[in-house]
Each structure stands twice: as C-alpha cells, then as structure tokens.
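Hi,

Here is the structure I promised to send over. My notes on it follow just below.

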Amino acid sequence: MADSHSITVSKRELEKLMRKLSAHPAALKRARRNAISGTVTWAGKEMINTVSASSGLPKKVFRGQKGQWKRYFARRPRANDDSGSAWLGTRAIQPLRYGTATPSGDGVSVRLGGNSFNFPGGFVATMRSGHTGIFKRKANAKGQKPTADRSNKWQWTWLPIQEQFIPVKGVSEAAARIRKQMPDYMTEILRDKLRDQLRKVS
C-alpha cells in the first residue's frame with residue numbers, strides 16, 4: 001500500500017477544456033466565477049480552522065452566532081465581476097461576548113470551546129456606557145496618577161484599569177500557507193467547474 005497519494009492537474013488539461021467551451025462564453029464565465037467562489041469559500045474555512053486551533057478559540061467566535069459580532073465575511077464574484085475575497089477580523093476577543101467569567105485564584109477565568117482562559121488579577125466591571133468586560137488595575141508607581149489618554153476608547157485608556165482580551169493567533173502564518181496553496185486549489189476546482197459546464201452544453 002502506498003504511503004502517500006498525490007493529485008496532479010496539468011495546465012494542458014485546463015486549456016483543452018477551455019477551448020471546448022470557447023464557443024459558449026457564458027458557460028466559460030460561469031465556470032470561472034464558480035471556481036473563484038469555491039476558492040473563496042475554501043480559503044475562508046481554512047483560515048477559520050487554522051486560527052481557531054492556534055488561538056484555542058471555538059470556530060463560532062469567527063463565524064458569528066445570532067446576536068453576536070461576525071468576524072468572517074466572504075465576498076463572492078458577482079454578475080460582472082470575476083474576483084472574490086475572504087475577510088477575517090483579527091482584533092483581540094472580548095471574552096464576555098462568548099463566555100461567562102468565574103472566580104479563579106486571584107482573578108477570573110472564562111471557558112470557551114473546551115479551553116479555559118485565565119486573567120490573573122482580573123475582575124468583571126460594567127462601564128457607564130453599559131459595556132461589561134474583564135478588567136485589571138494598571139500598574140502605576142506609588143502616588144502616580146494614570147495618564148489621561150482618550151485616543152483609544154476600545155482600551156478604556158483614560159481609566160486606572162485596563163480591559164483584558166484574548167489575542168487572535170496564527171493569522172499571518174495561516175494566510176501565508178493559504179496563499180501558497182491557492183493556485184493549485186483553484187486550478188483543480190476550475191477543472192471540475194469547466195467539466196460541469198461542458199456537460200451542460202454538450
């Protein structure tokens with residue numbers, strides 16, 4: 001039994017299929033658009049799977065659930081557009097959007113997707129705006145007042161406390177791997193879509 005398996009898709013085969021469809025430009029365009037759409041879907045799933053595993057976060061954090069912020073969007077080709085894209089938000093995660101804080105040692109922890117995220121020295125607080133998060137007191141020299149900085153509301157930097165987040169990891173590595181694999185994947189899926197359209201017009 002072979003210990004490996006490979007699939008080779010030649011450019012010559014694609015060119016042959018495209019020549020057969022040259023008399024049917026609409027079908028050729030559909031095949032190309034469907035191939036791009038399928039590649040976008042694949043790239044998005046690969047990105048979510050890899051980043052989810054690297055960060056220890058459940059996939060639902062990126063896919064988005066009802067009433068929650070969605071971190072993943074896919075733009076597939078439209079009628080007169082042969083391009084698409086997959087977008088994944090990489091801003092650090094606010095833990096209480098997806099889990100509940102429980103006391104843990106000298107702080108709190110949040111359990112998400114089977115993993116526990118600990119925040120030593122952390123505590124749950126609600127701001128005047130109604131936003132509830134996990135915060136930690138800033139370390140300041142004795143008698144020193146926190147620096148007033150209102151430039152970044154996301155981090156609540158004008159308060160003597162700092163909101164705690166869960167970092168999203170492995171994004172650059174995942175993107176680099178997917179970009180490297182994308183030409184081969186698109187070539188393979190384009191071949192299948194060309195064959196589908198060829199069967200329909202034959």
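A polar atom of the Ser52 side chain lies 2.4 Å from the backbone oxygen of Leu57. This is a predicted model, in which local features need pLDDT of at least 70 and side-chain atom pairs count only at pLDDT 80 or more, while totals for chains, interfaces and linings use all residues. Residues are numbered from 1 along each chain as its sequence is written, and side-chain values use heavy atoms, with hydrogens and water left out.

Ser52 sits in helix H2 (residues 25-55); helices here are DSSP runs of H or I with at least four residues, and strands are E runs of at least two, numbered from the N terminus. Ser52 counts as buried because its relative accessibility is 8%, the limit being under 20% relative accessible area with a 1.4 Å probe, protein chains only. Leaving aside residues up to four places away in sequence, Ser52 touches Leu57, Pro58, Lys59 and Phe62 (contact means heavy atoms within 4.5 Å).

Phe62 turns up again in the largest nonpolar core, a set of 24 residues in which Val51 and Phe62 touch the most other members. Such a core joins buried Ala, Val, Leu, Ile, Met, Phe, Trp, Tyr and Cys residues through side-chain atoms within 4.5 Å. H2 gives the largest share of this core, five residues.

There is also an open sheet of three strands, in the order S6-S7-S8 with antiparallel pairing (two strands pair if DSSP finds at least two bridges between them). Five bridges join S6 to strand S7 (residues 132-137), and Val124 has Ile134 as its bridge partner in S7.

Best wishes

Terms used
Buried < 20%, exposed > 50% of the residue type's maximum accessible area, 1.4 Å probe, protein only. Polar contact = N/O pair within 3.5 Å; in protein donor to acceptor, adjacent residues only side chain to side chain.
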